[in-house]
Amino acid sequence: MNEPHKTVEVERKDIQQKSDSSMVASTFIKYAAYVIIFFGFLYFLVKYVFPKF
């Protein structure tokens with residue numbers, strides 16, 4: 001009942017998530033500009049357009 005010793009090879013993969021900080025920063029700046037333009041447009045409407053009604 002002596003079974004021969006089996007060798008098992010385990011393949012190991014290390015997955016590293018790459019994050020490009022310059023890409024993250026440029027995306028943040030883009031969306032921040034959208035938000036600033038949106039609030040600027042709202043300010044323009046409230047300050048100059050709505051009082052004319």
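Modeller: Phe-38 lies in helix H1, which covers residues 21–49. The model is predicted, with local features needing pLDDT of at least 70, side-chain atom pairs counting only at pLDDT 80 or more, and totals for chains, interfaces and linings using all residues. Residues are numbered from 1 along each chain as its sequence is written, and side-chain values use heavy atoms, leaving out hydrogens and water.

Colleague: Why is Phe-38 called partly exposed?

Modeller: Its relative accessibility is 49%. Buried means under 20%, exposed over 50%, and partly exposed lies in between (1.4 Å probe, protein chains only), so the label follows.

Colleague: What share of the chain is buried?

Modeller: Buried residues make up 0% of the 53 residues. The chain exposes about 6200 Å², with carbon and sulfur atoms supplying 64% of it.

Colleague: How do you know how the chain compares with a compact globule?

Modeller: By the radius of gyration, taken over C-alpha atoms; the globule rule is 2.2 Å times the number of residues to the power 0.38. For 53 residues a compact globule would come near 10 Å, but this chain has 30 Å. Along the principal axes, the C-alpha atoms fill a box of roughly 100 × 25 × 5 Å.

Colleague: Why is the contact of Arg-12 with Asp-14 called a salt bridge?

Modeller: The closest N and O atoms are 3.9 Å apart. The rule asks for a side-chain nitrogen of Lys or Arg within 4 Å of a carboxyl oxygen of Asp or Glu, so the pair qualifies. The structure holds one salt bridge. Arg-12 counts as exposed at 71% relative accessibility, and Asp-14 is exposed at 60%.

Colleague: How many aromatic pairs does a search of the whole structure find?

Modeller: Three. One of them joins Tyr-31 and Tyr-34, at 5.6 Å centre to centre and 75 degrees between the planes.

Colleague: Why is that pair called edge-to-face?

Modeller: Rings of Phe, Tyr and Trp (its six-membered ring) pair with centres within 6.5 Å; planes under 30 degrees apart are stacked, over 60 edge-to-face, the rest tilted. The angle between Tyr-31 and Tyr-34 is 75 degrees, so edge-to-face it is. Both tyrosines lie in helix H1, three residues apart, about one turn. Phe-38 and Phe-39 also form an edge-to-face pair, at 5.6 Å and 65 degrees.

Colleague: What makes the nonpolar surface patch?

Modeller: Val-35, Phe-38, Phe-39 and Leu-42, covering about 390 Å². Patch residues need over 30% relative accessible area and no salt bridge; nonpolar side chains (Val, Leu, Ile, Met, Phe, Trp, Tyr) are joined within 5 Å, like charges within 9 Å. Areas come from the Shrake-Rupley method with a 1.4 Å probe.

Terms used. Helix = DSSP H or I, 4+ residues; strand = E, 2+ residues; numbered from the N terminus.
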